[in-house]
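Have the model open as you read.

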Amino acid sequence: MVRKEPLTPHIKRKNNQKNAPFVGRKEELKELKLLLNKKSSSLVVINGRRRIGKSRLVREFGKKQNLCILSGIPPTEKTTAQSQREEFARQLNEYFPLPGLKANDWGDLFTILAQQVSRGRIILLLDEITWMGSLDFDFLGKLKTAWDKYFSQNPTLIMILCGSVSSWIEKNILTSKGFMGRISLTLHLKELTVSECNQFLTLLEFHVNPYEIFKMLSVTGGVPRYIEEMQSKLGAEENIKRLCFKKSGILFNEFNEIFHDLFSKRSILYKRIVELLVNGHLEFNEICEKLDLEKSGVMSEYLDDLIKAGFIRRDFTWNIKNNQVSNLSHYRLSDNYIRFYLKYVEENRERIENGHFNNKSLPSLSGWTSIVGLQFENLVLNNREFIWKKLNLNSEDIVSDNPFFQRKTSKIAGCQIDYLIQTRFNTIFACEIKFSKQEIKLDVMYEMQEKLKKLSLPRGFSCLPVLIHVNGVQESVIDAGYFLECIDFSESLQ
């Protein structure tokens, strides 16, 4: 017989393991803590890229509460709806000893769980819910019924649904009629800011210069789980080699695990798309042509899935004169790890397994300078608020900002700007982003002048060039007085 008496005050703690340092997520924690003041139950959805810290955020939020975490298992060829239910029942039994518990039906399992959390303050996390329920067509319907009939009756219960397959969550939960009006809070976790990454590294006892930090972040981005694996006694190159260029490294097999776990049988096409974007951005038509596939809504869905997963971005350009968003857009890889893996790890997997990269220096890798430059651009674009601050810009004064591209026509030349900011005062800030171990030379001024000559600027607009760098600029650049500001991006680490 299954015991039906609620056991809330006696939840067996499974969260005694030592967690990694926790930084950032202040706004998300603030939103979650506001739910503690409610007089009714709350249903929360948290999504975001794999390894971005969704479960860790919930653990931090629930560290002083009764926290119950039940997680789906990673899919394999042999995973079934029944094996997911059996694993759920096993975890449930760890929290609440339930002799005779059977795992034949999600409705029964949810009813039993609801009985155990029917009173008292409970944080209930259903983690990796996509894995948990995607193989059973009735899973979400039974969860919705259990929420309406049982879970929601505990006014101090906070149920959190977490998952890495953001497209599945959006389609089946966030925009589903079944869950309409039931979700109290939705959080989409992004990468940590570079300042938060630096805080993380400091807690891990790193004491290195900004160039070394950005070299590490050029591979990890702001993904907490990757940064957590860095070792303070090793330099940036040694850490990258250990994680990426050894068959035992966590980032050596991470890519295949990500694409298999998130996209399953369709992973091959998703992989082909991101491979195309390794060396730069492409338009929709160019992607279809290179893949030899029709321009269709199906391809748009694939790209949209990759955007929701946090791996690529779609940057729209705009008409500077009227600030109307253009139909012209580029897709680019926004995930630093994905680009680094595809550029340097995948094609060398066999050589890495044979130890050929043990003594190889990173700068000797083909195209290293250009790739690390693209990685640095990602970091800048993901932390653009720092640039606004250095230029004394308020967000409400910015009407458009993005990488800017102007298509070549019979009347105007083609033009690309790393990052363009347009304000409501008809002022344009054209930003050139440079990542170099050496001080930036005066050549950068001539490069920027050539770019801006091609930029079609409407009458009444002013364009101010800005340089974003890391390791300083030569005095000749300052003396020339061409750039409005030479922004040292290493200050963003503070």
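This is a predicted model: local features need pLDDT of at least 70, side-chain atom pairs count only at pLDDT 80 or more; totals for chains, interfaces and linings use all residues.

Residues are numbered from 1 along each chain as its sequence is written, and side-chain values use heavy atoms, leaving out hydrogens and water.

Take a salt bridge to be a side-chain nitrogen of Lys or Arg within 4 Å of a carboxyl oxygen of Asp or Glu; the count is then 30. One of them joins Asp315 and Arg332, with the closest N and O atoms 2.4 Å apart. Asp315 sits in strand β6 and Arg332 in strand β7, so this pair ties together parts 17 residues apart in sequence (strands, E, at least two residues, and helices, H or I, at least four, are DSSP runs numbered from the N terminus). Asp315 is buried at 2% relative accessibility, and Arg332 is buried at 9% (buried means under 20% relative accessible area, exposed over 50%, partly exposed in between, with a 1.4 Å probe and protein chains only).

Now turn to Glu196 in helix α8. Glu196 is buried yet has no salt bridge, and the nearest side chain of opposite charge, Arg25, is 5.5 Å away (Lys and Arg count as positive, Asp and Glu as negative; His and the chain ends are not counted).

Finally, with a disulfide defined as two cysteine sulfur atoms within 2.5 Å, the count is zero. Cys197 has its nearest cysteine sulfur, that of Cys244, 16 Å away, and Cys197 is buried at 1% relative accessibility.
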